[in-house]
Amino acid sequence: MNITKFQIKNFRSYQNKLFNFEKGINVLVGDNGVGKTNVVEAIHYLSLARSFRGTDDEDLIKKETDLAEIDATVIQGKISRQIRVLITKNGRKVFINGKPINKISELSNSVNVIVFEPKDVLLFRGLPKVRRNFLDISLSKKSPVYLEYISRYEKLLKKRNDILKSSNVDMTLLEANTELLIKTSQTIVNYRVAYMKDINDILNKIVRAIAREDIKVEVIYKPYITPNQNFYQDAVNAYKRALESDLKNKATTIGVHREDFYINLNGREIGTFGSQGENRLVALALKLTPYFLIEDEDKKPIVVLDDVMSELDQSHQKHLIEFIQKFDQVFITTTKPINDNVKTYQINK
């Protein structure tokens, strides 16, 4: 998968900018603050219709204008798609080959972008929600049906929380909702277990390819219920034990929405015992794993590495560039040119 023609209008700091990108590595070079990240932010927006920086849509629109626009030609094998995104202060509209889409999943299935950004160095030290978000997005890209289960779970979770918040809780309704929640969560846990195994199969290879050291890393997933043949009954018992707490807090205190995972580096939890350099290296490797876990070559994701070079020494920079040479398309933002063998775009204010 790769982007060829790419144009942004009234997006962030840009009034109108046209790029003709190439397969392989594309490097955006410029001083800090000139708008390099704005470009890759727009590229990522094509995948999930939201900013990886957590910015509201309204803030993506250039000041003193009312409409931001992203237009791109995306090539997937022999298929070429024209993606157009219009962002207004009242919402957004997305078109694929001129036709409006009804669900963001339609966009997500057409464009796949994975991002590593500077704050990802805190991935293992931050809140569990950030790690779950990475897991859910990555898994839904590999298995679109997973996204349907997550959406179903979130609706059931909201309904259960609404029941808990009522002044007079209907216990029969709560029990029926909990049963549906458990059945949906069992499928989600099974997907997560299988995906974590897949990650472990590839993560060490990525880390060693970049670090060129004999490092052992392992992802440890912590499901709220151990997946086995007694999952349903174990979950029922767990919700019974949590009932008093749920009623008191007026919220569901256990479930897949509270799960987490961590990573051991040479047998020690990296978030607690790892250096900043080790956290950065493993976080980068983890963010790259989805590329190898999508089997269809035409659907391999576009990779964005935002300001990753400034935090790596020269040897790790060299190893990383060598490693990503095999990727379909990569975008790197940096303040200094990398080498003469990659397509470079100079970004100025």
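**View 1. A two-residue hairpin links strand 5 to strand 6.** In this predicted model, local features need pLDDT of at least 70, side-chain atom pairs count only at pLDDT 80 or more, and totals for chains, interfaces and linings use all residues. Numbering runs from 1 along each chain as its sequence is written, and side-chain values use heavy atoms, with hydrogens and water left out. Strand 5 covers residues 79-88 and strand 6 residues 91-96; they pair in the antiparallel sense over six bridges. Pairing requires at least two bridges found by DSSP between two strands. Leu-86 has Lys-93 of strand 6 as its bridge partner. Strands (E, at least two residues) and helices (H or I, at least four) are DSSP runs, numbered from the N terminus.

**View 2. Strand 6 and strand 7 form a hairpin.** Strand 7 spans residues 99-100 and pairs with strand 6 in the antiparallel sense over two bridges. Ile-96 is bridged to Lys-99 of strand 7. Two residues lie between the strands. Asn-97, in the turn, has a positive phi of about 55°.

**View 3. Helix 5 packs against helix 9.** Axes are lines fitted to C-alpha atoms, for helices over the stretch in contact, and angles between N-to-C directions run from 0 to 180 degrees. The angle therefore makes helix 5 oblique to helix 9; under 35 degrees counts as roughly parallel, over 145 as roughly antiparallel, 65 to 115 as roughly perpendicular and the rest as oblique. Helix 5 contributes Ile-206, Ala-209, Ile-210 and Ala-211 to the contact, and helix 9 contributes His-316, His-319, Leu-320 and Phe-323. Contact means heavy atoms within 4.5 Å.

**View 4. Helix 9 has buried residues.** These are His-316, His-319, Leu-320, Ile-321, Phe-323 and Ile-324. Buried means under 20% relative accessible area, exposed over 50%, partly exposed in between (1.4 Å probe, protein chains only). Their cover includes strand 3 (24-29), helix 5, helix 8 (276-293), strand 12 (302-306) and strand 13 (329-334).

**View 5. Leu-305 and Ile-324 touch the most other members of the largest nonpolar core.** This core has 66 residues. A nonpolar core is a set of buried Ala, Val, Leu, Ile, Met, Phe, Trp, Tyr and Cys residues joined through side-chain atoms within 4.5 Å. Helix 5 supplies the largest share, 13 residues. Not counting residues up to four places away in sequence, Ile-324 touches Ile-25, Leu-305, Val-330 and Ile-332.
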